[in-house]
Amino acid sequence: MEGKNSRDYTAIFFCRQIDPDENTNRRALEKQLGRAIRFFPLPCSGRIEALHFLMAVETGAEKVYLVTCPEGSCRYSQGNVRAGKRLEYARGLLREIGLSAECLEITRAPGSLPLSIDTIARGLLGLPRKVK
Amino acid sequence: MISAERKPFEEIKSSIGRYKKILIVGCGTCVAECAAGGEKEVALLATQLRIDAARRRRKIEVKEMTLDRQCVYEFIDQLTPVAEQYEVILSLGCGAGVQAVAEVLPRTHIIPALNTTTIAETREAGVWLEDCRGCGDCKLDYFADICPITRCAKGLFNGPCGGSKDGRCEADPDSPCAWQLILDRLSATGRTESIDEVYPPANWSKMQGKGPRKIIREDQRA
Amino acid sequence: MMVESRLKKILSMGLFAVTAECGPPKGADPEVIRKKGLLLKGYVDSVNVTDNQTGVVRLSSLASCVILRQEGLDPVLQMVTRDRNRIALQSDVLGASALGVRNILCLSGDHQSLGNQPDAKGVFDLDSIQFLKVVREMRDRGVILGGEELSSQPDLFIGAVENPFGDPRSYRVARLAKKVRAGAEFIQTQCVYNLARFREFMKEVTDKGLDGKVAVLAGVTPLKSARMAEYMAAKVAGMDIPEEVIGRMKGTPAGRQRAEGIKIAVETIAALKEIKGVRGIHIMAIEWEEAVPELSEKAGLLPRPEG
């Protein structure tokens, strides 16, 4: 697959443990933003690989978020710590090719679980809460 | 395993130069184990190259392949039918892999993407530690199975030197003093007299050879 | 020309020996060595010349020793195994003897990464103990490594170093014993500030009967400043400077610190003379060779014996 020139979407990788109902909860934003947003649920944020980040950038992600469980809440104990290290490694690979490392960002779920991925995503994108 | 690290991207990019049709070949054995040249690393490098090319508005074609071993003809031969479709092969094999592939495909430009270092163990996940420098004359049992050539910065056979401090090496305080380790293990197993005698000078010809060292086993030959 | 080792002679006469260290310049000017040598002449018995110490390129020890010999001094050639293979080492041993150098100190050498040529290949074909044995065999049996005979034997008094304060502490005396077994006839130690610990070391040396087989010269380095004391304590491997010594230096106003350093050194020498098995001292006044005459005098080591 060739690299795209335009960078036009936001990728959100997140741990499924944060929102067990994520499949339902993300639909509203997917409908509203279309191709401008892509959600990637993971069984644990620690399963993220540098390649995931790079492939997201290659397919046109302008900004990539990785949302982990709050500190100490990782079901698999160190997954969220490992996720941070892998993000740093991916940042290094992007810097090597002259890209800004800031397009990759890691963030913790802002509160005790479960949390709606919709709420989290709107917070990251600076969008108003959906009208119920 | 043979340990290696991927070269910096800039160096690889500079070696590739103007080539546009690139075959990246990884190896599934040693360099996969030390996360330098396995299938994942091939994919990462390919992605980096493609993103970089797109940014510079260059059209390139990158194919990814990973061989079980890059140092054995039967595996390398899988490249033979496809090699000529590419202008260059970027090898993520160790130094032996790169050279073996070049022997099989002498008319193809093969570029090494790794810096091969030594023979190492996986001490823990993500940490590879040099253990052996291939001296060709293994005497580990004299040194409590701690190689003085490899793990002592000065390669002393009658160590430690005066710079050993708190079990750390003068040349690299992050490294343990090999001779401290040797002495500790010999005391723990009641074998300290084994280093009372002066260990004689090594036969370095077994390590240096007269050029590349070769092993021949007639019973294994065709 | 009959040249002999003054150091060997002094020790064989049962006298307390005094040696000092001389650092060659980072340049080709022989006058620098000549001047240092003349500064020390008469105040010490023999003068060591360091061999590219800490991996820093300097005028070679062998050349410097010859210059000192020309001025009538008794040089001690320090030779490290870091920079030369066995061919060069044995060759330089013959060369040193041919040029009238009569003392050699066999060392491994500081790691090359610590100096100004960190990309250099560290040779270490032999280690210091193997080298001791090689030199001893060349001198006593007239053979090189491998057994081939020399046409004439080198004449050298053979020494090594030991660090009583290095780790592992429990092995230091055993290592000294190994060096003696390999052929060392005199030992110069790392500089002593911690007398209590040095006494323990020497007790073990004498308990093992090593004092009868090898002459131990205790190292002494006068402190130039409180900062030097702190630097050495923190950064130099195998250095043991007790807090009270550092405290003494720190408590002295800057202008008088050199004098205090000399005072401490004089006291140390007086104490060392009383320790059984200590047959002399080795003054390492790094880049402060001018302090040696004063030190020798104040420590009551003058005049040096005739001849």
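Guide: In this predicted model, the buried residues of helix α7 of chain C pack against β5 (157–162), α6 (172–182), β6 (186–191), β7 (215–220), α10 (257–273) and β8 (278–283), which belong to chain C as well. The residues of α7(C) that are buried are C:Leu195, C:Arg197, C:Phe198, C:Phe201, C:Met202, C:Val205 and C:Thr206. After α7(C) comes C:Gly209, whose phi is positive, near 75°.

The relative accessible area of C:Gln90 is 8%, and because buried means under 20%, C:Gln90 counts as buried. A polar atom of the side chain of C:Gln90 lies 3.0 Å from the backbone oxygen of C:Arg86. If residues up to four places away in sequence are left aside, C:Gln90 touches C:Val134, C:Met138, C:Ile144 and C:Leu145.

Turning from the inside of chain C to its partners, two pairs of chains are in contact, and of these chains B and C share the most contacts. Chain A, by contrast, does not touch chain C, and the nearest C-alpha atoms of these two chains are 26 Å apart. The contact between chains B and C draws on 27 residues from chain B and 30 residues from chain C. Together the two chains bury about 2300 Å², with 51% of this area on carbon and sulfur atoms. On the side of chain B, the residues that lose the most area to chain C are B:Lys154, B:Val198 and B:Pro201, which together make up 24% of what that side buries. Sorted by class, the side of chain B that touches chain C has 14 nonpolar, seven polar and six charged residues. Across this interface of chain B and chain C, zero salt bridges are found, whereas 19 residue pairs are in polar contact, counting pairs in which both residues have pLDDT 80 or more.

Methods
Residues are numbered from 1 along each chain as its sequence is written. Chains are lettered from A and ligands numbered from 1 in the order in which they are written. This is a predicted model: local features need pLDDT of at least 70, side-chain atom pairs count only at pLDDT 80 or more; totals for chains, interfaces and linings use all residues. Side-chain values use heavy atoms; hydrogens and water are left out. Contact means heavy atoms within 4.5 Å. Buried area is the accessible area (1.4 Å probe) that two parts lose on being put together, summed over both. A salt bridge is a side-chain nitrogen of Lys or Arg within 4 Å of a carboxyl oxygen of Asp or Glu. A polar contact is a pair of N or O atoms within 3.5 Å; within protein, one must be able to donate a hydrogen and the other to accept it, and residues adjacent in sequence count only if both atoms are side-chain atoms. Ala, Val, Leu, Ile, Met, Phe, Trp, Tyr, Cys and Pro count as nonpolar, Asp, Glu, Lys and Arg as charged, and the others, Gly among them, as polar. Buried means under 20% relative accessible area, exposed over 50%, partly exposed in between (1.4 Å probe, protein chains only). Helices (H or I, at least four residues) and strands (E, at least two) are DSSP runs, numbered from the N terminus.
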